[in-house]
Amino acid sequence: MKIQSVKYLTREGFRNVWVNRLMSIASIGVLVACMVLIGMALLITKNVDRTMQTLEQQNVVMVYFNDKNSVIYGENAVAPNASDATASDGGATETNDIPESAYLVHNEQEALAVCENLKKIANVTSVEFISSDEALKRAKETVLEGQAAAFEILEEENGNPMSHGAKITLQSMENFDATISAISATSGVDSVVSHGDLAKKISGIKSAINLICFWIIGILGIISLVIVSNTIRVTMYNRKLEISIMKAVGATDSFVRLPFIIEGMLLGVISALISEGLIYFCYRVAGETMSETFNTLIPFSEEALLLLGIFLAIGIFAGAVGSAFMISKYLKKEGSEFKAL
Amino acid sequence: MDNQVFPNDDFILTPDTVFPEDKHIVTPEKPIIEFRGVSKTYQTGTHALKDVNIQIHPGEFVFVVGASGAGKSTFMKLIMREEKANTGDVLVNGYNLTKMPRKQIPMLRRTMGIVFQDFRLIPTMDVFDNVAFAMHVVGEKPNVIRREVAKALSQVGLGHKARSKPAELSGGEQQRVGLARALINKPKLLIADEPTGNVDPNMSYEIVEMLSRINQQGTTVLMVTHEHNLVRDFHHRVIMLEGGTIVADNAEGTI
């Protein structure tokens with residue numbers, strides 16, 4: 001095709017958008033609706049991802065080691081005499097009654113060795129050792145003034161009541177159960193305190209939202225393509241006369257096709273720009289409304305280019321492919337005819 | 001036209017050789033339109049044309065007449081390669097239309113100008129653009145288009161209405177725009193399908209006079225019409241179709 005023809009047809013494509021403006025507005029309207037929904041779904045996915053990441057970063061598991069204090073005060077405290085009501089009720093045992101073989105961690109060195117083993121577990125990002133002294137200090141700092149006396153009484157009776165422990169940060173919540181099992185099974189670990197249910201819920205919500213958004217984006221993408229094809233088809237039937245004249249004066253199929261493709265692409269670009277503006281406006285309103293309760297919304301500027309890129313890609317692809325497909329189908333069917341309208 | 005020279009393609013007829021026994025090769029001195037034993041039957045079973053043999057030579061003005069269903073439309077459709085013959089050969093402007101592939105149809109149509117009964121002007125374009133359109137199709141340069149379209153419009157007496165929309169013109173004026181468009185690429189053959197069907201009697205005469213002048217300048221004109229008075233008054237060759245066959249072929253314009 002000659003360069004003059006390409007220039008002319010490009011101009012025609014632009015002109016057609018204006019000349020057939022009612023049809024253009026209809027196509028743009030539907031395309032914008034699809035794109036805004038796609039954009040919303042994307043932004044929701046992004047925000048959920050970001051929130052999950054924040055939550056995952058705070059995903060800390062406390063581990064208590066199997067030392068002397070865990071035997072006395074811990075969940076699995078040993079009762080030397082089952083009939084001893086005090087022991088079974090309070091879980092406390094006389095310190096002197098505990099043989100060294102009853103527990104696995106006898107000093108800080110052994111506790112640190114357990115920490116090293118914990119670090120080797122997959123999905124464990126970091127292990128922070130907390131000695132029994134540090135634990136007691138932190139406990140005293142965090143409890144209320146009146147309750148601090150309880151620690152002092154225990155201290156007076158059996159010395160420091162706290163066990164050695166570790167604060168473990170997990171990489172992700174996806175393999176939460178397996179990781180907790182591995183930690184629990186590590187030699188020297190007495191008990192693990194975690195928010196497993198919350199982790200599972202968060203992970204579940206994230207997967208569900210991602211899946212829903214994936215389907216929304218996919219389905220709307222296909223809908224956009226069908227809508228553009230359909231609009232071009234209607235436009236084509238409206239412009240049968242024009243096409244028939246083109247064929248009568250010796251236009252090739254590509255000459256007939258090009259203005260429609262340019263028109264489709266242009267509708268896509270216009271829709272993309274309008275959608276970007278609308279999403280920006282909606283997102284800003286949503287951000288202002290939710291700022292008091294939900295302050296972790298991703299700034300729009302961070303995602304603006306990505307969104308525009310996606311919109312343009314969808315618009316141009318749907319416009320070009322939709323119109324190319326429909327016009328080719330039409331030309332194949334009625335391409336050499338121009339008399340019978 | 002440069003796109004007519006494809007020596008290796010057997011659907012294009014070489015200009016300087018005559019092979020009488022080879023039915024798809026003719027010379028340009030030979031007929032511009034030739035039907036050799038052409039029959040056309042539609043899928044519905046209608047026999048539109050039956051063993052038609054005819055020759056129309058360069059520079060001729062030919063009226064095609066006949067009642068509805070006589071085969072006039074099929075005759076014209078075969079020439080424009082809107083339909084394909086079932087048997088026989090249709091030779092037009094150096095192309096053998098029976099053997100021509102579909103992608104060559106635009107090249108064939110660029111060698112002819114077509115005038116329609118219903119004018120076929122694009123309503124959203126003004127008069128100038130409607131005519132220029134045909135030149136854009138062949139990839140002509142903008143300055144040539146401006147010059148030639150202005151010339152063509154003044155030749156049909158519509159230079160002053162270049163920026164009017166078709167709806168603002170009378171039937172006769174619209175047909176003259178259609179004529180300017182058909183002639184803008186200087187075709188060797190002009191096909192007019194009932195060009196006077198939608199205009200008043202006075203304008204009918206004016207249009208046929210215009211076609212006659214074009215014919216005198218060397219363009220072959222083939223005009224389908226129902227108006228017998230026009231045929232009688234203009235004294236051109238008349239081909240009469242009836243039941244898909246040529247029943248009369250009179251050189252002196254008698255029916």
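User: How many residue pairs are in polar contact between chain B and chain A?

Analyst: In this predicted model, the count between chain B and chain A is three residue pairs in polar contact, with both residues at pLDDT 80 or more. On the side of chain B that touches chain A, α2 (105–109) and α3 (127–137) of chain B each supply at least two residues.

User: How many salt bridges are there between chain B and chain A, and which side chains meet?

Analyst: The count between the two chains is one salt bridge, and in a salt bridge the side chain of R102(B) meets that of D253(A), at 3.1 Å from N to O.

User: How should I read the area that chain B and chain A bury between them?

Analyst: The accessible area lost when the parts come together is often used to give the size of an interface. Here chain B and chain A bury about 2,600 Å² between them, and 60% of that area lies on carbon and sulfur atoms. In chain B, the residues that lose the most area to chain A are E82(B), R109(B) and R120(B), which together account for 24% of what that side buries. Counted by residues, the contact takes 29 from chain B and 30 from chain A.

User: In what order do the strands of the open sheet in chain B stand, and which of them are at the edges?

Analyst: The order of the four strands in chain B is β2-β1-β4-β5, with antiparallel pairing in an open sheet. Because β2 (47–56) and β5 (95–96) of chain B each have a single partner strand, one side of each is left without a neighbour in the sheet, and these two stand at the edges. Helix α1 (residues 72–79) of chain B packs on this sheet, where it touches β1, β2 and β4 of chain B, and its direction makes about 120 degrees with that of β1(B).

User: Over how many bridges do β1 and β4 of chain B pair, and what is the bridge partner of R36(B)?

Analyst: Strand β1 (residues 33–41) and strand β4 (residues 87–92) of chain B pair over five bridges in the antiparallel sense, and R36(B) has D89(B) in β4(B) as its bridge partner.

User: Is Q175(B) buried or exposed, and what does its side chain reach?

Analyst: Q175(B), which lies in helix α5 (residues 171–183) of chain B, counts as buried because its relative accessibility is 1%, under the cut-off of 20%. The side chain of Q175(B) reaches the backbone oxygen of P195(B) at 2.9 Å. Leaving aside residues up to four places away in sequence, Q175(B) touches several residues, among them V115(B), F119(B), V199(B) and I207(B).

Terms used. Residues are numbered from 1 along each chain as its sequence is written. Chains are lettered from A and ligands numbered from 1 in the order in which they are written. This is a predicted model: local features need pLDDT of at least 70, side-chain atom pairs count only at pLDDT 80 or more; totals for chains, interfaces and linings use all residues. Side-chain values use heavy atoms; hydrogens and water are left out. Two strands pair if DSSP finds at least two bridges between them. Contact means heavy atoms within 4.5 Å. Axes are lines fitted to C-alpha atoms, for helices over the stretch in contact, and angles run from 0 to 180 degrees between N-to-C directions. Buried means under 20% relative accessible area, exposed over 50%, partly exposed in between (1.4 Å probe, protein chains only). A polar contact is a pair of N or O atoms within 3.5 Å; within protein, one must be able to donate a hydrogen and the other to accept it, and residues adjacent in sequence count only if both atoms are side-chain atoms. Buried area is the accessible area (1.4 Å probe) that two parts lose on being put together, summed over both. A salt bridge is a side-chain nitrogen of Lys or Arg within 4 Å of a carboxyl oxygen of Asp or Glu.
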